[in-house]
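User: I would like to learn how to read the features of a protein model. Can you take me through this one?
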Amino acid sequence: RFNCAPDAFERAWKILDDDASDSLSEEEWQTTIIENFKYFGPSKIIFEYLDKDDEGTVSFQEFLALQPFFDAFLEKERKRLKKRRLAGRKSELKLKTFGTQRDGNEVT
């Protein structure tokens, strides 16, 4: 089951804001995202998207703009895992119907 802590954003913020300044500079963002998280996507574009007031820093409130994307990801993962579980149950049912278990032994 795919679970995410309710305080995931707060925890992520604490990792990103390692100097506890309550804001992220672009340098701090790049260092953490690229070097620590090994992210190779458009990190500069994401930083610019988050920096709503164009001050060159991202506050926690601005960081929360990622919440809808995160929620959409979680929902997609839940659906994917549910679909996988249903497919597994259907496979079990088919195997039982044909008189065998997954390990190849006969159903008793």
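User: Which residues make the nonpolar surface patch of about 280 Å²?

Analyst: Start with the general idea. A patch is made of residues with over 30% relative accessible area and no salt bridge. Nonpolar side chains (Val, Leu, Ile, Met, Phe, Trp, Tyr) are joined within 5 Å, and like charges within 9 Å. Accessible areas come from the Shrake-Rupley method with a 1.4 Å probe, and for residues only the protein chains shown count as cover. Here, I15, F37 and Y39 make the nonpolar patch. The model is predicted: local features need pLDDT of at least 70, side-chain atom pairs count only at pLDDT 80 or more, and totals for chains, interfaces and linings use all residues. Residues are numbered from 1 along each chain as its sequence is written, and side-chain values use heavy atoms, with hydrogens and water left out.

User: Where is Y39 found?

Analyst: Helices (H or I, at least four residues) and strands (E, at least two) are DSSP runs, numbered from the N terminus. Y39 sits in the loop between α2 (26–36) and α3 (43–50). Buried means under 20% relative accessible area, exposed means over 50%, and partly exposed lies in between (1.4 Å probe, protein chains only). Y39 is partly exposed because its relative accessibility is 34%.

User: How many helices and strands does the chain have?

Analyst: The chain has five helices and two strands. Along the sequence, the pattern reads α-β-α-α-β-α-α. The chain has 108 residues, and 22% of them are buried.

User: What is the volume of the largest pocket, and which residues line it?

Analyst: Picture a 1 Å grid over the protein atoms alone. A pocket is an open set of points with protein on both sides within 12 Å along at least five of seven lines. Lining residues have an atom within 4 Å of a point. Points are joined across faces, edges and corners, and the volume is the space filled by probe spheres set on them. The largest pocket here has a volume of about 340 Å³. Its lining includes W29, I33 and F63. I15, F37 and Y39 also line this pocket, and they make the surface patch too.

User: Which helix gives the most to that lining?

Analyst: Helix α1 does, with four residues. Both α1 (8–16) and α2 supply at least two residues each.

User: How many salt bridges does the structure hold?

Analyst: A salt bridge is a side-chain nitrogen of Lys or Arg within 4 Å of a carboxyl oxygen of Asp or Glu. The structure holds four. In one of them, K44 pairs with E48, and the closest N and O atoms are 3.4 Å apart. These two are four residues apart in helix α3, so about one helical turn separates them. K44 is partly exposed at 42%, and E48 is partly exposed at 45%.

User: What about E77 and R80: buried or partly exposed?

Analyst: E77 counts as buried, because its relative accessibility is 14%. R80 is partly exposed at 36%. The two side chains form a salt bridge (2.7 Å, N to O). Both lie in helix α5, three residues apart, about one turn of the helix. Elsewhere, salt bridges that share partners join E26, K44 and E48 into one network.

Notes: On a 1 Å grid over the protein atoms alone, a cavity is a set of points where a 1.4 Å probe fits but cannot get out, and a pocket is an open set with protein on both sides within 12 Å along at least five of seven lines; lining residues have an atom within 4 Å of a point.
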